[in-house]
Amino acid sequence: MTTSTSPNTQSTHLYTDAVFAPLDDDHQVARIAGGNETEVYCSDDRGYVIKLKSELGGDLRTALLHAWIMRQAAEEFADCLGAEHAIFSQYVLARDEGGRVQVLVVQPFIERAHALSHVDYRALSPADRRCIATQLREIIRRSLQFYRCTGRMPDLYGRSSTTPDERRRLNRPWMLPYRLWSFLVQRNLLRSHNLLLTEAPELRIVLVDYDLVRRGWVYRRVYYAVRWLLFWRDWVLIALMSRGVVPGR
């Protein structure tokens, strides 16, 4: 699972690689976010976001297979949530400086939007909080309906990292207890990294991550079952938020 937080909330660092050649003349882009598997960059004109999963790189056939699987999953999850909560993704194949073919996921840059993890709910009006609560309940409802039909659901939570080194460190085996604590306790829907909230007056919640769980079927079944249970916890937290009672970060 990956994450994509709003570029407006992250410090930026420049990275240069030939893999960005199809999208950037000088092959240099700014890193704006990162997650479990993904590095997220922004184009120079802030017109679109570029996502890269370098661990999935390989030969052309492998990259094409990954691109096809990723696009199919994105289309299914977008249909699950509906056009009002989804974003369009395109897929570009490019060779990096190491000679590996990579899949670049390209999405439009959403201006004036912030990840829910950065929203100060206490500063919102009661009407705005109710608007957000209504959308989150509908997103949960649609995700559960999709889960009942397919056994899968989109990742509405996500994980963040400030640098590529931090992302790799968090994925180390000895960080498993921390990841479990974060998964079960810290990451509720109100603090999502994968859901962006556009600014008023629109106040629309948009999912920006459409990745599949890439583990074995036993892991997937346990993972989605736990997510199903956590949705009911989040339903309570959303109800409290709509009434002005906001849990701490």
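Predicted model: local features only at pLDDT ≥ 70, side-chain atom pairs only at ≥ 80, totals over all residues.
## Helices, strands and the model

Helices (H or I, at least four residues) and strands (E, at least two) are runs assigned by DSSP, and they are numbered from the N terminus.

## The largest cavity

Rolling a probe the size of a water molecule over the atoms shows where empty space is left. When the whole structure is searched in this model, four cavities of 30 Å³ or more are found, and the largest cavity holds about 120 Å³ of space. Which elements give two or more residues to the lining of the largest cavity? They are strand β4 (48-52), helix α1 (60-81) and strand β6 (101-108), and the largest share, three residues, comes from β6.

The lining of the largest cavity consists of 16 residues, and those that lie nearest its centre are Lys51, Met70, Val105, Tyr210 and Asp211. Sorted by class, this lining has eight nonpolar residues, together with four polar and four charged ones.

Side chains of opposite charge can pair when their charged atoms come close. The model holds eight salt bridges, and a network of these bridges links Glu84, Glu138, Arg141 and Arg142.

Arg142, by contrast, counts as buried because its relative accessibility of 17% falls under the limit of 20%.

## A salt bridge between Arg233 and Asp234

Another salt bridge joins Asp234 to Arg233, and the closest N and O atoms of this pair are 2.9 Å apart. Are these two residues buried or partly exposed? Asp234 is buried, with a relative accessible area of 1%, whereas Arg233 counts as partly exposed at 23% relative accessibility.

Leu176, Leu180, Trp181, Leu184 and Val185 make a nonpolar surface patch of about 470 Å². Val185, one of these residues, is found in helix α4 (residues 176-186). Val185 counts as partly exposed because its relative accessibility is 41%.

## Two glycines in loops

Gly35 has its place in the loop between β2 (28-34) and β3 (39-42), and Gly35 is buried, with a relative accessible area of 2%. The C-alpha atom of Gly35 is separated by 8.8 Å from that of Thr162, although these residues are 127 residues apart along the chain.

Gly151 is found in the loop between α2 and α3 (164-170), where Gly151 is partly exposed with a relative accessible area of 35%. Between the C-alpha atoms of Gly151 and Arg220 the separation is 8.9 Å, while the two residues are 69 residues apart along the chain.

## Backbone details in loops

What form does the peptide bond from Ala200 to Pro201 take? This bond is cis, with omega near 10°, and Pro201 lies in the loop between β8 (195-198) and β9 (205-207).

Positive values of phi also deserve a look in two residues other than glycine. Phi of His27 is near 65°, and His27 has its place in the loop between β1 (13-16) and β2. With a relative accessible area of 27%, His27 is partly exposed. Phi of Arg112 is near 50°, and Arg112 lies in the loop between β6 and β7 (113-115). Arg112 is exposed because its relative accessible area of 54% is over the limit of 50%.

Key
Residues numbered from 1 in each chain as written. Heavy atoms only, no water. Salt bridge = Lys/Arg side-chain N within 4 Å of Asp/Glu carboxyl O. Buried < 20%, exposed > 50% of the residue type's maximum accessible area, 1.4 Å probe, protein only. Patch = residues over 30% accessible without salt bridge, like charges linked within 9 Å, V, L, I, M, F, W, Y side chains within 5 Å. Areas by Shrake-Rupley, 256 points an atom, 1.4 Å probe, with all protein chains shown as cover. 1 Å grid on protein atoms, 1.4 Å probe; cavity = no way out; pocket = protein on both sides within 12 Å on 5 of 7 lines; lining within 4 Å. Points joined across faces, edges and corners; volume = space filled by probe spheres on them. Nonpolar A, V, L, I, M, F, W, Y, C, P; charged D, E, K, R; others polar.
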